[in-house]
Amino acid sequence: MRTMLAAMLLASAIPVHAQLDFGRIIDLGKKAVEVGEKVQEASKEYTVEEEVALGEGITAGFLGATRLHPDERLQRYVNRIGRWLAQQTERRDLPWTFGVIDTDTINAFAMPGGTVIVSHGLVKRLASESELAGVLAHEIAHVLKKHQLSAIKSDAGWSAAATGAKAYAADRIGRSSGGDVLGLKSQLANAGVDLVKDGLFLRPLDRGMEYEADRIGVVIATRGGYDPYGFVAVLSMLAQVKPEESGDSITFSTHPTPADRLAELEKVVPTALEKYAAQPQVEGRFRQALGAK
Amino acid sequence: MLTRLTPLLLLAWLSFAGDALAQEQAATNRATDLKERPAFEAKTLAPLAAGAPLKVLSRQGAWTQVEAGGKRGWIRAFHLRFEATVETSSSGGGSLGGLTSIFGFGGRKAPETSKVATLGIRGLTPEDFKNASPDQAALRKLQSYRADKATAERFAREAKLSPVAVAYAGEGGGS
């Protein structure tokens with residue numbers, strides 16, 4: 001029963017994700033039981049190493065679709081804020097990486113394994129470091145809660161691609177009796193690229209996940225010493241932008257409305273975080289980093 | 001005619017949107033008080049009805065400075081309702097009409113052509129993703145920007161950011 005399910009998963013993956021060598025997996029595993037068990041095992045949880053490898057593949061694919069902003073000073077500035085925030089969390093040891101992409105649209109993304117991307121269009125519409133911290137903290141929260149991984153697991157096609165890659169790599173590791181970390185990495189990285197092509201970033205996360213990331217994000221920003229209302233200001237700003245005006249189609253189709261998000265945040269921020277409302281907004285350094293005014 | 005004008009209008013809007021705090025139009029989303037200072041105990045300058053129009057001037061933590069009915073004062077950030085201030089002239093199927101529906105909610109619909117291009121902006125469209133080939137060099141570059149722990153801590157101290165211990169909201173009591 002378990003084996004059949006696993007075999008079906010693999011079979012269904014072949015036409016869609018032809019780039020992955022699924023044919024070989026099945027050949028290798030004439031003993032379908034063995035492969036099946038590996039898929040079962042692999043699908044359960046991702047090790048941190050697997051999560052990071054998959055995330056790097058996703059990021060590489062993502063960067064093939066857009067490009068990094070050329071201002072390296074800004075890139076390092078965003079990394080310092082992000083790393084400082086990540087330090088305040090239970091996953092502080094991930095290889096946290098932050099980046100600004102060169103587009104005027106308003107957007108932010110989180111990849112499994114600790115990579116967070118914001119668009120220049122979003123950054124330049126913010127008024128302070130506490131607002132940027134709020135955005136980064138929201139994305140960090142998605143990584144902490146493995147929301148993208150959950151989305152990947154819950155989609156049959158995506159899940160088959162990722163677990164297939166894991167099983168294939170696991171099989172090779174088994175055969176070469178250990179140490180084939182590169183095999184694992186490259187297979188998962190390929191799967192990550194496929195996920196990007198297959199619309200990973202175009203589909204919304206569950207609304208509940210967005211609200212959860214909002215709630216966790218404001219706490220992370222507060223822990224980092226920032227004014228918790230920075231993110232409230234960001235949502236207020238977003239409420240004024242019409243999707244068709246800014247070309248930021250993805251943010252708007254993949255998130256609940258800012259007004260709904262503000263209403264949800266109001267349930268926690270004024271009660272839990274009010275006493276931190278006087279923490280710094282850090283405006284001067286933010287303006288400097290943006291090379292502005 | 002309208003549709004030909006639209007991209008220009010949009011570009012103009014985009015270029016000034018960043019520094020436009022002072023231009024923000026908003027309204028109250030409930031009946032609330034206009035306070036003299038950003039504090040609960042401050043004197044109430046005037047009661048404001050739900051839906052009262054106002055102009056946003058600045059922000060300080062939980063409070064937003066506004067001008068309402070000719071008076072300047074402060075109201076709670078959560079008592080504001082913002083709306084898109086710029087009416088788009090393309091709403092009736094102009095050059096950018098339909099952009100929002102490209103992605104729909106939860107569906108993987110066939111994309112229309114990338115209309116973002118009319119803005120001269122490189123947006124992220126489904127096509128961009130579909131045609132992406134992995135950029136390993138960009139990935140390495142991105143990773144070279146990472147900050148280490150010591151750098152992040154120094155950076156925080158420079159802005160007088162002190163870490164505080166706060167539990168996640170809702171922890172231990174439902175969600």
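Is B:Arg72 buried or exposed in this predicted model, and what is its relative accessible area? B:Arg72 is exposed, with a relative accessible area of 54%, where exposed stands for over 50% relative accessible area, buried for under 20% and partly exposed for the range in between, as computed with a 1.4 Å probe on protein chains only. The model is predicted, and local features are reported at a pLDDT of at least 70, side-chain atom pairs at a pLDDT of 80 or more, while totals for chains, interfaces and linings use all residues. Residues are numbered from 1 along each chain as its sequence is written, chains are lettered from A and ligands numbered from 1 in the order in which they are written, and side-chain values rest on heavy atoms, with hydrogens and water left out.

The model as a whole scores ipTM 0.80 and pTM 0.76. In chain B the pLDDT, which is the predictor's confidence in each residue on a scale from 0 to 100, averages 70, and 60% of the residues score at least 70. Within that chain the confidence is lowest in helix H2 (residues 99-103), with a mean of 24, and highest in helix H5 (residues 149-158), with 98; helices (H or I, at least four residues) and strands (E, at least two) are here DSSP runs, numbered from the N terminus. Residues 1-22 of chain B have a pLDDT below 50, and this stretch makes 35 contacts in the model beyond near neighbours in sequence, a contact being heavy atoms within 4.5 Å. Residues 85-122 of chain B likewise have a pLDDT below 50, with 82 contacts in the model beyond near neighbours in sequence. Where pLDDT is low, the predicted coordinates should not be read in detail.

In chain A, an open sheet of 3 strands is arranged in the order S1-S3-S2 with mixed pairing, two strands being paired if DSSP finds at least two bridges between them. Strands S1 (97-101) and S2 (108-111) of chain A stand at the edges with a single partner strand each, so one side of each is left without a neighbour in the sheet. Neighbouring strands of this sheet are turned against each other by 15 degrees on average, direction ignored. Strand S2 of chain A runs antiparallel to strand S3 (residues 115-119) of chain A and is joined to it by 4 bridges, and A:Ala108 stands opposite A:Val118 in S3 of chain A. Helix H4 (residues 136-144) of chain B packs on the sheet, where it touches S1 and S3 of chain A, and its direction makes about 115 degrees with that of S1 of chain A; axes are lines fitted to C-alpha atoms, for helices over the stretch in contact, and angles run from 0 to 180 degrees between N-to-C directions.

A:Val282 lies in the loop between helix H16 (269-273) and helix H17 (284-289) of chain A and is buried, with a relative accessible area of 12%. Leaving aside neighbours within four places in sequence, the contacts of A:Val282 include A:Tyr226, B:Ala159 and B:Leu161. A:Ser128 is placed in the loop between helix H6 (120-123) and helix H7 (129-144) of chain A and is buried as well, with a relative accessible area of 1%. The side chain of A:Ser128 makes a polar contact with the side chain of A:Ser130 (2.9 Å) and reaches the backbone oxygen of A:Gln281 at 3.4 Å; a polar contact is a pair of N or O atoms within 3.5 Å, of which, within protein, one must be able to donate a hydrogen and the other to accept it, and residues adjacent in sequence count only if both atoms are side-chain atoms. Not counting residues up to four places away in sequence, A:Ser128 touches, among others, A:Phe286 and B:Arg59.

Over all chains the structure holds 16 salt bridges, each a side-chain nitrogen of Lys or Arg within 4 Å of a carboxyl oxygen of Asp or Glu. One of them joins the side chains of A:Arg261 and A:Asp214 (2.8 Å, N to O), and this pair links distant parts of the chain, with A:Arg261 in helix H15 (residues 258-265) and A:Asp214 in helix H11 (residues 207-223) of chain A, 47 residues apart. Both A:Arg261 and A:Asp214 are buried. A salt bridge between the side chains of B:Arg30 and A:Glu266 (2.8 Å, N to O) crosses between chains, from the loop between strand S1 (25-28) and strand S2 (32-35) of chain B to the loop between H15 and H16 of chain A. B:Arg30 is partly exposed at a relative accessible area of 27%, and A:Glu266 is partly exposed at 24%. B:Arg72 forms a salt bridge with B:Glu67, with the closest N and O atoms 3.5 Å apart, and B:Glu67 counts as partly exposed at 27% relative accessibility. Salt bridges that share partners also join A:Glu129, A:Arg285 and B:Glu158 into one network.
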